[in-house]
Amino acid sequence: MELQSFIFSAIVLLTAAALAVALFKHLGLGAILGLLVAGIAVGPHSIGPYVTTHVDDVRNFTELGVVLLLFMIGLEMQPKRLWALRREVFGLGTVQILLCGLGIAVYISFYQTSWQAALIIGLTMALSSTALVMQLLQERGELATRHGTSAFAILLMQDLAVVPMLAIVPLLSDLASSTAETSFVQQLLTVVGLITLVMVLGRYIVPFALERLLRQNNREAFALVIMLAVFLAAWAMHKAGLSMALGAFMMGMLLSTSRFSFQIQAHVEPFKGLLMSLFFVAVGMSIDLPAIAAQPLLLAQHVVVIVAIKLIVLFVISLLFGLSRGVATRVAFLLAQNGEFGFVLFGFAKSMGVIDDATFVIAVSVISVSMLLTPLLVRIGDDLARRAERRKKMPDVLDLESSGTRPGARVVIAGYGRVGHTIATLLEVNQIPFIAFDTNPVNVESGVRDGRAVYYGDIGDMELLTAARVGNASLVILTIDHGPTAMRAVSHIRTAYPHVQVIARARDLEACGSLIRAGATRAYPETIESSLRLGAEALEMLGISTEEVDDLLKGVRGQNYAQVIE
(Lines give C-alpha, C1' and ligand atoms only; values in the text may rest on other atoms or scores of the structure.)
Protein backbone atom coordinates (compact mmCIF):
# COMPACT_ATOMS: atom_id res chain seq x y z
CA MET A 1 0.00 0.00 0.00
CA GLU A 2 1.47 3.32 -1.08
CA LEU A 3 1.27 6.16 1.43
CA GLN A 4 -0.53 9.02 -0.30
CA SER A 5 0.34 11.94 1.96
CA PHE A 6 3.72 13.48 1.20
CA ILE A 7 4.27 14.67 4.76
CA PHE A 8 3.25 11.29 6.18
CA SER A 9 5.60 9.55 3.76
CA ALA A 10 8.41 11.84 4.88
CA ILE A 11 7.63 11.03 8.53
CA VAL A 12 7.72 7.28 7.84
CA LEU A 13 10.97 7.54 5.87
CA LEU A 14 12.73 9.71 8.46
CA THR A 15 11.51 7.54 11.33
CA ALA A 16 12.79 4.37 9.66
CA ALA A 17 16.12 6.01 8.83
CA ALA A 18 16.62 7.45 12.33
CA LEU A 19 15.79 4.16 14.09
CA ALA A 20 17.92 2.09 11.71
CA VAL A 21 20.95 4.38 11.99
CA ALA A 22 20.70 4.50 15.77
CA LEU A 23 20.44 0.69 15.99
CA PHE A 24 23.18 -0.12 13.50
CA LYS A 25 25.61 2.41 14.96
CA HIS A 26 24.91 0.97 18.42
CA LEU A 27 25.77 -2.49 17.04
CA GLY A 28 28.96 -1.10 15.48
CA LEU A 29 27.80 -1.74 11.90
CA GLY A 30 27.81 1.91 10.77
CA ALA A 31 25.23 4.44 9.63
CA ILE A 32 25.37 3.52 5.93
CA LEU A 33 24.22 -0.06 6.45
CA GLY A 34 21.41 1.26 8.62
CA LEU A 35 20.28 3.65 5.87
CA LEU A 36 20.32 0.86 3.26
CA VAL A 37 18.20 -1.37 5.49
CA ALA A 38 15.81 1.53 6.18
CA GLY A 39 15.42 1.92 2.41
CA ILE A 40 14.52 -1.75 2.07
CA ALA A 41 11.93 -1.38 4.84
CA VAL A 42 10.10 1.59 3.25
CA GLY A 43 10.70 0.61 -0.40
CA PRO A 44 8.04 -0.66 -2.83
CA HIS A 45 9.40 -4.22 -2.61
CA SER A 46 8.86 -4.52 1.14
CA ILE A 47 5.94 -6.44 2.67
CA GLY A 48 4.67 -3.37 4.55
CA PRO A 49 3.54 0.11 3.48
CA TYR A 50 5.92 1.91 1.14
CA VAL A 51 6.52 5.60 0.52
CA THR A 52 6.69 5.59 -3.31
CA THR A 53 6.96 3.40 -6.38
CA HIS A 54 9.06 6.00 -8.23
CA VAL A 55 12.37 4.80 -6.83
CA ASP A 56 14.37 5.86 -9.89
CA ASP A 57 13.14 9.44 -9.53
CA VAL A 58 14.03 9.49 -5.84
CA ARG A 59 17.49 8.06 -6.54
CA ASN A 60 18.10 10.55 -9.35
CA PHE A 61 17.22 13.45 -7.04
CA THR A 62 19.29 12.19 -4.12
CA GLU A 63 22.30 11.77 -6.40
CA LEU A 64 22.71 15.47 -5.74
CA GLY A 65 24.16 14.28 -2.44
CA VAL A 66 26.86 12.41 -4.37
CA VAL A 67 27.49 15.60 -6.34
CA LEU A 68 27.99 17.60 -3.12
CA LEU A 69 30.17 14.84 -1.64
CA LEU A 70 32.55 14.96 -4.60
CA PHE A 71 32.54 18.75 -4.45
CA MET A 72 33.66 18.54 -0.81
CA ILE A 73 36.37 16.04 -1.76
CA GLY A 74 37.49 18.44 -4.49
CA LEU A 75 37.86 21.20 -1.88
CA GLU A 76 40.33 18.95 -0.07
CA MET A 77 42.11 17.89 -3.27
CA GLN A 78 44.27 20.74 -4.47
CA PRO A 79 45.63 20.41 -8.05
CA LYS A 80 49.17 19.60 -6.94
CA ARG A 81 47.89 16.69 -4.87
CA LEU A 82 45.91 15.34 -7.83
CA TRP A 83 49.02 15.60 -9.99
CA ALA A 84 50.92 13.59 -7.37
CA LEU A 85 48.32 10.81 -7.78
CA ARG A 86 48.58 10.62 -11.59
CA ARG A 87 50.34 7.24 -11.57
CA GLU A 88 47.61 5.64 -9.49
CA VAL A 89 44.76 7.38 -11.33
CA PHE A 90 45.82 6.49 -14.86
CA GLY A 91 47.91 3.40 -14.07
CA LEU A 92 46.26 1.53 -11.22
CA GLY A 93 42.78 2.79 -12.11
CA THR A 94 42.98 1.83 -15.78
CA VAL A 95 44.43 -1.63 -15.10
CA GLN A 96 41.74 -2.30 -12.50
CA ILE A 97 38.89 -1.46 -14.88
CA LEU A 98 40.30 -3.55 -17.74
CA LEU A 99 41.26 -6.64 -15.73
CA CYS A 100 38.14 -6.66 -13.53
CA GLY A 101 35.96 -6.02 -16.58
CA LEU A 102 37.57 -8.84 -18.54
CA GLY A 103 37.38 -11.31 -15.64
CA ILE A 104 33.71 -10.57 -14.93
CA ALA A 105 32.85 -10.66 -18.66
CA VAL A 106 34.36 -14.14 -18.96
CA TYR A 107 32.26 -15.32 -16.02
CA ILE A 108 29.06 -13.69 -17.36
CA SER A 109 29.63 -15.29 -20.79
CA PHE A 110 28.56 -18.63 -19.25
CA TYR A 111 25.10 -17.12 -18.72
CA GLN A 112 24.86 -14.78 -21.72
CA THR A 113 24.89 -15.98 -25.30
CA SER A 114 25.71 -12.46 -26.53
CA TRP A 115 29.35 -11.41 -26.11
CA GLN A 116 28.24 -7.80 -26.37
CA ALA A 117 26.04 -8.17 -23.29
CA ALA A 118 28.79 -10.00 -21.39
CA LEU A 119 31.30 -7.25 -22.23
CA ILE A 120 29.12 -4.33 -21.12
CA ILE A 121 28.09 -6.18 -17.95
CA GLY A 122 31.72 -6.96 -17.16
CA LEU A 123 32.91 -3.38 -17.63
CA THR A 124 29.99 -1.95 -15.67
CA MET A 125 30.46 -4.38 -12.78
CA ALA A 126 34.15 -3.39 -12.68
CA LEU A 127 33.05 0.03 -11.39
CA SER A 128 32.75 0.65 -7.66
CA SER A 129 30.51 2.99 -5.67
CA THR A 130 32.12 6.41 -5.37
CA ALA A 131 29.36 7.60 -3.04
CA LEU A 132 29.59 4.64 -0.68
CA VAL A 133 33.39 4.40 -0.50
CA MET A 134 34.05 8.13 -0.13
CA GLN A 135 31.35 8.45 2.55
CA LEU A 136 32.87 5.52 4.46
CA LEU A 137 36.36 7.01 4.23
CA GLN A 138 35.10 10.40 5.35
CA GLU A 139 33.19 8.94 8.30
CA ARG A 140 36.24 6.95 9.40
CA GLY A 141 38.66 9.86 8.91
CA GLU A 142 40.71 7.86 6.38
CA LEU A 143 40.68 10.12 3.32
CA ALA A 144 44.34 11.07 3.88
CA THR A 145 45.56 7.52 4.51
CA ARG A 146 47.50 5.52 1.95
CA HIS A 147 44.59 3.21 1.23
CA GLY A 148 42.20 6.18 1.19
CA THR A 149 44.13 8.06 -1.50
CA SER A 150 44.67 4.88 -3.56
CA ALA A 151 40.95 4.05 -3.44
CA PHE A 152 40.11 7.64 -4.42
CA ALA A 153 42.53 7.49 -7.38
CA ILE A 154 40.86 4.34 -8.70
CA LEU A 155 37.38 5.80 -8.22
CA LEU A 156 38.39 8.95 -10.08
CA MET A 157 39.56 6.89 -13.05
CA GLN A 158 36.30 4.96 -12.96
CA ASP A 159 34.36 8.22 -13.21
CA LEU A 160 36.49 9.22 -16.18
CA ALA A 161 35.82 5.81 -17.79
CA VAL A 162 32.08 6.43 -17.84
CA VAL A 163 32.32 8.38 -21.13
CA PRO A 164 33.91 5.60 -23.22
CA MET A 165 31.53 3.08 -21.63
CA LEU A 166 28.51 5.13 -22.65
CA ALA A 167 30.03 5.45 -26.14
CA ILE A 168 30.55 1.68 -26.37
CA VAL A 169 26.92 0.78 -25.66
CA PRO A 170 25.49 2.03 -29.01
CA LEU A 171 28.37 0.38 -30.87
CA LEU A 172 27.43 -2.97 -29.32
CA SER A 173 23.76 -2.51 -30.19
CA ASP A 174 21.95 -3.40 -33.38
CA LEU A 175 20.19 -0.05 -32.99
CA ALA A 176 23.44 1.92 -33.44
CA SER A 177 23.25 4.57 -36.14
CA SER A 178 25.56 4.88 -39.10
CA THR A 179 26.59 8.37 -37.98
CA ALA A 180 28.61 7.14 -35.04
CA GLU A 181 31.79 8.81 -36.27
CA THR A 182 30.12 12.20 -36.58
CA SER A 183 28.47 11.76 -33.18
CA PHE A 184 31.83 10.91 -31.62
CA VAL A 185 33.46 14.05 -33.04
CA GLN A 186 30.56 16.18 -31.85
CA GLN A 187 30.70 14.60 -28.43
CA LEU A 188 34.45 15.20 -28.20
CA LEU A 189 34.04 18.88 -29.03
CA THR A 190 31.19 19.14 -26.53
CA VAL A 191 33.30 17.56 -23.79
CA VAL A 192 36.25 19.89 -24.44
CA GLY A 193 34.03 22.97 -24.58
CA LEU A 194 32.13 22.20 -21.39
CA ILE A 195 35.28 21.27 -19.44
CA THR A 196 36.75 24.62 -20.50
CA LEU A 197 33.56 26.35 -19.35
CA VAL A 198 33.77 24.71 -15.91
CA MET A 199 37.44 25.67 -15.56
CA VAL A 200 36.74 29.31 -16.43
CA LEU A 201 33.83 29.40 -13.99
CA GLY A 202 35.80 27.83 -11.14
CA ARG A 203 39.05 29.69 -11.71
CA TYR A 204 37.82 33.21 -12.42
CA ILE A 205 34.08 33.93 -12.41
CA VAL A 206 32.95 32.22 -9.20
CA PRO A 207 35.84 33.53 -6.99
CA PHE A 208 35.24 37.06 -8.38
CA ALA A 209 31.51 36.83 -7.59
CA LEU A 210 32.14 35.45 -4.09
CA GLU A 211 34.59 38.22 -3.29
CA ARG A 212 32.13 40.92 -4.41
CA LEU A 213 29.34 39.40 -2.33
CA LEU A 214 31.52 39.24 0.76
CA ARG A 215 32.48 42.90 0.35
CA GLN A 216 28.74 43.63 0.48
CA ASN A 217 28.39 41.28 3.49
CA ASN A 218 25.77 39.34 1.53
CA ARG A 219 26.20 35.89 3.04
CA GLU A 220 22.89 34.52 1.74
CA ALA A 221 23.84 35.23 -1.86
CA PHE A 222 27.33 33.83 -1.11
CA ALA A 223 25.79 30.46 -0.17
CA LEU A 224 23.44 30.49 -3.18
CA VAL A 225 26.27 31.24 -5.63
CA ILE A 226 28.25 28.31 -4.24
CA MET A 227 25.35 25.91 -4.77
CA LEU A 228 24.73 27.37 -8.23
CA ALA A 229 28.39 26.86 -9.18
CA VAL A 230 28.34 23.24 -8.01
CA PHE A 231 25.19 22.35 -9.90
CA LEU A 232 26.26 24.25 -13.04
CA ALA A 233 29.47 22.22 -13.12
CA ALA A 234 27.52 18.99 -12.53
CA TRP A 235 25.04 19.88 -15.29
CA ALA A 236 27.83 20.76 -17.73
CA MET A 237 29.56 17.40 -17.22
CA HIS A 238 26.23 15.60 -17.51
CA LYS A 239 25.60 17.30 -20.86
CA ALA A 240 29.09 16.25 -21.92
CA GLY A 241 28.29 12.62 -21.13
CA LEU A 242 30.46 12.56 -18.00
CA SER A 243 29.20 11.94 -14.47
CA MET A 244 27.74 14.87 -12.58
CA ALA A 245 29.95 14.02 -9.61
CA LEU A 246 33.06 14.53 -11.75
CA GLY A 247 31.94 18.07 -12.64
CA ALA A 248 31.34 18.88 -8.98
CA PHE A 249 34.77 17.48 -8.11
CA MET A 250 36.39 19.73 -10.70
CA MET A 251 34.60 22.79 -9.33
CA GLY A 252 35.65 21.91 -5.79
CA MET A 253 39.27 21.41 -6.81
CA LEU A 254 39.32 24.76 -8.63
CA LEU A 255 37.92 26.53 -5.56
CA SER A 256 40.25 24.67 -3.16
CA THR A 257 43.00 27.24 -3.73
CA SER A 258 40.72 30.19 -2.93
CA ARG A 259 40.62 31.96 0.44
CA PHE A 260 36.95 31.00 0.79
CA SER A 261 37.43 27.21 0.83
CA PHE A 262 36.76 26.66 4.55
CA GLN A 263 33.63 28.82 4.59
CA ILE A 264 32.39 27.12 1.41
CA GLN A 265 32.79 23.75 3.11
CA ALA A 266 30.88 25.02 6.16
CA HIS A 267 27.96 26.12 3.94
CA VAL A 268 27.76 22.89 1.91
CA GLU A 269 28.27 20.27 4.65
CA PRO A 270 24.69 20.24 6.07
CA PHE A 271 23.10 19.80 2.62
CA LYS A 272 25.58 17.10 1.69
CA GLY A 273 24.93 15.12 4.85
CA LEU A 274 21.14 15.14 4.41
CA LEU A 275 21.15 14.27 0.69
CA MET A 276 23.76 11.52 1.11
CA SER A 277 21.59 9.89 3.78
CA LEU A 278 18.58 10.01 1.45
CA PHE A 279 20.71 8.61 -1.38
CA PHE A 280 21.55 5.48 0.59
CA VAL A 281 17.90 5.09 1.57
CA ALA A 282 17.00 5.30 -2.15
CA VAL A 283 19.56 2.60 -2.99
CA GLY A 284 17.98 0.39 -0.34
CA MET A 285 14.57 1.03 -1.89
CA SER A 286 15.99 -0.23 -5.22
CA ILE A 287 16.65 -3.72 -3.83
CA ASP A 288 14.03 -5.93 -5.50
CA LEU A 289 13.11 -8.50 -2.85
CA PRO A 290 10.76 -10.53 -5.14
CA ALA A 291 13.51 -10.81 -7.78
CA ILE A 292 15.95 -11.99 -5.13
CA ALA A 293 13.39 -14.46 -3.76
CA ALA A 294 12.73 -15.82 -7.27
CA GLN A 295 16.39 -16.81 -7.85
CA PRO A 296 18.17 -16.53 -4.50
CA LEU A 297 20.93 -19.04 -5.19
CA LEU A 298 21.78 -17.62 -8.63
CA LEU A 299 21.83 -14.06 -7.28
CA ALA A 300 24.01 -15.10 -4.33
CA GLN A 301 26.37 -16.88 -6.72
CA HIS A 302 26.68 -13.83 -8.95
CA VAL A 303 27.40 -11.56 -5.99
CA VAL A 304 30.00 -13.90 -4.48
CA VAL A 305 31.82 -14.57 -7.77
CA ILE A 306 31.87 -10.94 -8.94
CA VAL A 307 33.03 -9.67 -5.54
CA ALA A 308 35.69 -12.41 -5.43
CA ILE A 309 37.00 -11.48 -8.89
CA LYS A 310 37.30 -7.83 -7.88
CA LEU A 311 38.95 -8.71 -4.57
CA ILE A 312 41.61 -10.85 -6.23
CA VAL A 313 42.34 -8.43 -9.08
CA LEU A 314 42.45 -5.35 -6.83
CA PHE A 315 44.72 -7.04 -4.29
CA VAL A 316 47.18 -8.34 -6.89
CA ILE A 317 47.48 -5.16 -8.94
CA SER A 318 47.79 -3.06 -5.77
CA LEU A 319 50.78 -5.17 -4.75
CA LEU A 320 52.25 -4.81 -8.26
CA PHE A 321 51.93 -1.03 -7.97
CA GLY A 322 54.00 -1.04 -4.79
CA LEU A 323 51.35 -0.91 -2.07
CA SER A 324 51.94 -2.88 1.13
CA ARG A 325 49.90 -6.01 1.86
CA GLY A 326 47.85 -4.21 4.49
CA VAL A 327 47.03 -1.27 2.20
CA ALA A 328 46.31 -3.57 -0.75
CA THR A 329 43.90 -5.59 1.42
CA ARG A 330 42.03 -2.48 2.53
CA VAL A 331 41.80 -1.12 -1.03
CA ALA A 332 40.47 -4.44 -2.33
CA PHE A 333 37.73 -4.76 0.28
CA LEU A 334 36.79 -1.08 -0.04
CA LEU A 335 36.22 -1.33 -3.81
CA ALA A 336 34.83 -4.86 -4.10
CA GLN A 337 31.20 -3.69 -4.47
CA ASN A 338 29.53 -2.49 -7.66
CA GLY A 339 28.73 1.18 -8.27
CA GLU A 340 25.60 3.27 -8.50
CA PHE A 341 26.47 4.32 -12.05
CA GLY A 342 25.60 0.75 -13.05
CA PHE A 343 21.93 1.73 -12.68
CA VAL A 344 22.43 4.28 -15.47
CA LEU A 345 24.61 2.12 -17.72
CA PHE A 346 22.35 -0.92 -17.47
CA GLY A 347 19.28 1.24 -18.09
CA PHE A 348 20.93 2.65 -21.22
CA ALA A 349 22.02 -0.83 -22.34
CA LYS A 350 18.45 -2.10 -21.91
CA SER A 351 17.02 0.77 -23.94
CA MET A 352 19.52 0.03 -26.73
CA GLY A 353 18.67 -3.68 -26.73
CA VAL A 354 22.09 -4.88 -25.55
CA ILE A 355 20.56 -6.60 -22.50
CA ASP A 356 17.01 -7.84 -21.90
CA ASP A 357 14.63 -7.04 -19.03
CA ALA A 358 15.44 -10.17 -17.03
CA THR A 359 19.17 -9.46 -17.20
CA PHE A 360 18.57 -5.85 -16.17
CA VAL A 361 16.63 -6.90 -13.04
CA ILE A 362 19.26 -9.39 -11.89
CA ALA A 363 22.12 -6.97 -12.66
CA VAL A 364 20.55 -4.16 -10.64
CA SER A 365 19.93 -6.58 -7.79
CA VAL A 366 23.59 -7.63 -7.80
CA ILE A 367 24.66 -3.98 -7.57
CA SER A 368 22.26 -3.26 -4.69
CA VAL A 369 23.18 -6.36 -2.68
CA SER A 370 26.93 -5.78 -3.12
CA MET A 371 26.50 -2.22 -1.83
CA LEU A 372 24.52 -3.57 1.12
CA LEU A 373 27.41 -5.90 1.99
CA THR A 374 30.12 -3.23 1.74
CA PRO A 375 30.26 -2.14 5.42
CA LEU A 376 30.71 -5.79 6.43
CA LEU A 377 33.36 -6.32 3.74
CA VAL A 378 35.27 -3.27 4.97
CA ARG A 379 35.31 -4.66 8.51
CA ILE A 380 36.66 -7.97 7.23
CA GLY A 381 39.28 -6.09 5.21
CA ASP A 382 40.35 -4.14 8.30
CA ASP A 383 40.83 -7.35 10.31
CA LEU A 384 42.87 -9.01 7.56
CA ALA A 385 44.94 -5.87 7.02
CA ARG A 386 45.77 -5.61 10.72
CA ARG A 387 47.01 -9.19 10.68
CA ALA A 388 49.17 -8.44 7.65
CA GLU A 389 50.59 -5.32 9.31
CA ARG A 390 51.56 -7.04 12.55
CA ARG A 391 54.61 -8.52 10.87
CA LYS A 392 55.73 -5.26 9.34
CA LYS A 393 54.66 -2.00 10.91
CA MET A 394 54.27 0.74 8.35
CA PRO A 395 52.83 4.23 8.79
CA ASP A 396 49.57 4.28 6.87
CA VAL A 397 48.83 7.98 7.19
CA LEU A 398 50.28 10.21 4.50
CA ASP A 399 52.29 13.31 5.25
CA LEU A 400 49.55 15.87 4.89
CA GLU A 401 51.95 18.58 3.85
CA SER A 402 53.38 16.54 1.01
CA SER A 403 49.97 15.32 -0.13
CA GLY A 404 48.69 18.85 -0.52
CA THR A 405 45.90 18.74 2.06
CA ARG A 406 45.42 21.47 4.58
CA PRO A 407 47.06 20.27 7.79
CA GLY A 408 45.54 20.84 11.20
CA ALA A 409 47.38 23.96 12.32
CA ARG A 410 48.88 24.16 15.80
CA VAL A 411 47.29 27.58 16.36
CA VAL A 412 44.02 28.94 15.00
CA ILE A 413 43.62 32.73 15.03
CA ALA A 414 40.12 34.15 14.77
CA GLY A 415 40.39 37.67 13.38
CA TYR A 416 43.20 39.14 11.29
CA GLY A 417 42.82 42.79 12.22
CA ARG A 418 45.53 44.75 14.04
CA VAL A 419 45.58 42.35 17.01
CA GLY A 420 45.47 39.22 14.89
CA HIS A 421 48.18 40.56 12.60
CA THR A 422 50.44 41.23 15.58
CA ILE A 423 49.89 37.74 17.01
CA ALA A 424 50.50 36.15 13.62
CA THR A 425 53.79 38.05 13.33
CA LEU A 426 54.93 36.82 16.75
CA LEU A 427 54.02 33.22 15.86
CA GLU A 428 55.74 33.48 12.51
CA VAL A 429 58.94 34.84 14.04
CA ASN A 430 58.97 31.89 16.43
CA GLN A 431 58.23 29.44 13.56
CA ILE A 432 54.93 28.30 15.08
CA PRO A 433 52.46 27.22 12.35
CA PHE A 434 49.06 28.92 12.37
CA ILE A 435 45.95 29.47 10.31
CA ALA A 436 43.77 32.59 10.56
CA PHE A 437 40.16 33.43 9.71
CA ASP A 438 38.37 36.71 9.24
CA THR A 439 34.96 37.77 7.92
CA ASN A 440 36.33 40.99 6.46
CA PRO A 441 37.59 40.40 2.87
CA VAL A 442 39.96 43.37 3.21
CA ASN A 443 41.71 41.70 6.15
CA VAL A 444 41.85 38.42 4.24
CA GLU A 445 43.47 40.19 1.28
CA SER A 446 45.97 41.74 3.69
CA GLY A 447 46.87 38.28 4.93
CA VAL A 448 47.29 37.04 1.37
CA ARG A 449 49.67 39.91 0.64
CA ASP A 450 51.59 38.96 3.78
CA GLY A 451 51.95 35.44 2.39
CA ARG A 452 50.10 33.91 5.34
CA ALA A 453 47.41 31.24 5.67
CA VAL A 454 44.51 33.63 6.13
CA TYR A 455 41.04 32.51 4.95
CA TYR A 456 37.56 33.94 4.88
CA GLY A 457 35.44 32.33 7.56
CA ASP A 458 33.09 32.89 10.51
CA ILE A 459 34.72 31.29 13.56
CA GLY A 460 31.31 31.16 15.26
CA ASP A 461 30.11 28.61 12.68
CA MET A 462 30.41 25.02 13.97
CA GLU A 463 30.76 23.66 10.45
CA LEU A 464 33.73 25.95 9.88
CA LEU A 465 35.39 24.69 13.06
CA THR A 466 34.99 21.16 11.73
CA ALA A 467 36.32 22.07 8.28
CA ALA A 468 39.32 23.84 9.83
CA ARG A 469 40.08 20.80 12.00
CA VAL A 470 40.13 22.86 15.15
CA GLY A 471 40.17 19.61 17.11
CA ASN A 472 43.77 19.10 15.92
CA ALA A 473 44.89 22.52 17.12
CA SER A 474 46.71 23.07 20.39
CA LEU A 475 45.44 26.62 20.85
CA VAL A 476 42.70 28.92 19.54
CA ILE A 477 43.22 32.69 19.86
CA LEU A 478 40.09 34.84 19.54
CA THR A 479 40.98 38.41 18.60
CA ILE A 480 37.55 39.36 17.23
CA ASP A 481 35.73 42.27 18.85
CA HIS A 482 32.20 41.01 18.09
CA GLY A 483 30.96 39.63 21.41
CA PRO A 484 28.19 37.25 20.22
CA THR A 485 30.46 35.61 17.65
CA ALA A 486 33.22 35.14 20.23
CA MET A 487 30.71 33.60 22.66
CA ARG A 488 29.40 31.19 20.03
CA ALA A 489 32.93 30.18 19.07
CA VAL A 490 33.98 29.53 22.67
CA SER A 491 30.81 27.55 23.36
CA HIS A 492 31.21 25.40 20.24
CA ILE A 493 34.90 24.74 20.88
CA ARG A 494 34.37 23.86 24.53
CA THR A 495 31.54 21.47 23.65
CA ALA A 496 33.11 19.74 20.66
CA TYR A 497 36.82 20.01 21.50
CA PRO A 498 37.19 20.26 25.31
CA HIS A 499 40.93 19.53 25.10
CA VAL A 500 41.68 22.64 22.99
CA GLN A 501 42.79 25.72 24.91
CA VAL A 502 41.14 29.05 24.06
CA ILE A 503 42.42 32.52 24.89
CA ALA A 504 40.26 35.46 23.96
CA ARG A 505 40.33 39.22 23.66
CA ALA A 506 37.45 41.06 25.34
CA ARG A 507 36.32 44.67 25.26
CA ASP A 508 35.98 45.03 29.02
CA LEU A 509 35.99 43.05 32.23
CA GLU A 510 32.30 42.12 31.96
CA ALA A 511 32.84 40.57 28.52
CA CYS A 512 35.95 38.89 29.87
CA GLY A 513 33.91 37.19 32.61
CA SER A 514 31.27 36.04 30.12
CA LEU A 515 33.89 34.40 27.91
CA ILE A 516 35.46 32.64 30.89
CA ARG A 517 32.06 31.30 31.95
CA ALA A 518 31.41 30.12 28.36
CA GLY A 519 34.59 28.04 28.50
CA ALA A 520 37.53 30.20 27.47
CA THR A 521 40.78 29.16 29.13
CA ARG A 522 41.79 32.79 29.55
CA ALA A 523 40.33 36.13 28.49
CA TYR A 524 41.99 39.56 28.52
CA PRO A 525 40.04 42.85 28.61
CA GLU A 526 41.57 45.04 25.93
CA THR A 527 41.07 48.47 27.53
CA ILE A 528 42.46 47.45 30.90
CA GLU A 529 45.40 45.61 29.34
CA SER A 530 46.28 48.70 27.32
CA SER A 531 46.20 50.79 30.49
CA LEU A 532 48.36 48.26 32.33
CA ARG A 533 50.92 48.23 29.54
CA LEU A 534 51.05 52.03 29.48
CA GLY A 535 51.40 52.15 33.26
CA ALA A 536 54.16 49.53 33.21
CA GLU A 537 56.14 51.55 30.68
CA ALA A 538 55.75 54.64 32.87
CA LEU A 539 56.99 52.77 35.95
CA GLU A 540 60.05 51.48 34.12
CA MET A 541 60.88 54.98 32.91
CA LEU A 542 60.63 56.18 36.49
CA GLY A 543 63.28 53.70 37.61
CA ILE A 544 61.20 50.72 38.81
CA SER A 545 62.96 47.48 37.82
CA THR A 546 61.48 45.26 35.06
CA GLU A 547 61.16 42.33 37.51
CA GLU A 548 59.09 44.41 39.95
CA VAL A 549 56.85 45.65 37.15
CA ASP A 550 56.30 42.10 35.85
CA ASP A 551 55.43 40.88 39.35
CA LEU A 552 52.97 43.73 39.72
CA LEU A 553 51.27 42.90 36.40
CA LYS A 554 51.04 39.21 37.31
CA GLY A 555 49.46 40.13 40.63
CA VAL A 556 46.86 42.36 39.00
CA ARG A 557 45.93 39.72 36.43
CA GLY A 558 45.91 36.98 39.06
CA GLN A 559 43.27 38.89 41.04
CA ASN A 560 41.10 39.45 37.94
CA TYR A 561 42.17 43.12 37.76
CA ALA A 562 40.50 43.89 41.11
CA GLN A 563 43.26 46.34 42.09
CA VAL A 564 42.72 48.57 39.05
CA ILE A 565 38.92 48.63 38.84
CA GLU A 566 38.09 49.43 42.47
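The model is predicted. A count of salt bridges comes to seven. A search of the whole structure finds four aromatic pairs. Selected examples of each follow.

**Salt bridge R146–E88**

- R146 and E88 meet through their side chains in a salt bridge, at 2.8 Å from N to O.
- R146 lies in helix α8 and E88 in helix α5 (residues 86–108), so this contact ties together parts that are 58 residues apart in sequence.
- R146 has 26% relative accessibility, so R146 counts as partly exposed.
- E88 has 6% relative accessibility and therefore counts as buried.

- The side chains of R215 and E445 form a salt bridge with an N to O distance of 2.4 Å.
- This pair links distant parts of the chain. R215 sits in helix α9 (residues 180–215), and E445 sits in helix α20 (residues 441–449). They are 230 residues apart.
- R215 is partly exposed, because its relative accessibility is 40%.
- E445 also counts as partly exposed, at 25% relative accessibility.
- Salt bridges with shared partners join E211, R215 and E445 into one network.

**Salt bridge D458–R488**

- D458 forms a salt bridge with R488. Their closest N and O atoms are 3.7 Å apart.
- D458 is in the loop between β3 and α21 (462–467), while R488 is in helix α22 (residues 483–496). The pair links distant parts of the chain, 30 residues apart.
- D458 is buried, with 9% relative accessibility.
- R488 is partly exposed, with 36% relative accessibility.

**Aromatic pairs**

- A pair of aromatic rings is described by two things: the distance of the centres and the angle of the planes.
- F152 lies in helix α8 (residues 146–172), and F249 lies in helix α11 (residues 244–255). The pair links distant parts of the chain, 97 residues apart.
- Both F152 and F249 are buried.
- F222 and Y456 form a tilted aromatic pair as well, 5.8 Å centre to centre with 45 degrees between the planes.
- F222 belongs to helix α10 (residues 219–239), and Y456 belongs to strand β3 (residues 454–456). This pair also links distant parts of the chain, 234 residues apart.
- F222 counts as buried because its relative accessibility is 1%.
- Y456 counts as buried because its relative accessibility is 3%.

**Helix α16 and the residue after it**

- Helix α16 covers residues 341–351. Its buried residues are G342, F343, L345, F346 and A349.
- Just after α16 comes G353, which takes a positive phi of about 80 degrees.

**A negative surface patch**

- E547, E548, D550 and D551 form a negative surface patch.
- D551 lies in helix α25 (residues 546–558).
- D551 has 52% relative accessibility. Exposed means over 50%, so D551 counts as exposed.

Methods
Residues are numbered from 1 along each chain as its sequence is written. This is a predicted model: local features need pLDDT of at least 70, side-chain atom pairs count only at pLDDT 80 or more; totals for chains, interfaces and linings use all residues. Side-chain values use heavy atoms; hydrogens and water are left out. Patches are made of residues with over 30% relative accessible area and no salt bridge: like charges are joined within 9 Å, nonpolar side chains (Val, Leu, Ile, Met, Phe, Trp, Tyr) within 5 Å. Accessible areas come from the Shrake-Rupley method with a 1.4 Å probe; for residues, only the protein chains shown count as cover. A salt bridge is a side-chain nitrogen of Lys or Arg within 4 Å of a carboxyl oxygen of Asp or Glu. Lys and Arg count as positive and Asp and Glu as negative; His and the chain ends are not counted. The place of a charge is taken as NZ of Lys, CZ of Arg, CG of Asp or CD of Glu. Helices (H or I, at least four residues) and strands (E, at least two) are DSSP runs, numbered from the N terminus. Buried means under 20% relative accessible area, exposed over 50%, partly exposed in between (1.4 Å probe, protein chains only). Rings of Phe, Tyr and Trp (its six-membered ring) pair if their centres lie within 6.5 Å; planes under 30 degrees apart count as stacked, over 60 as edge-to-face and the rest as tilted.
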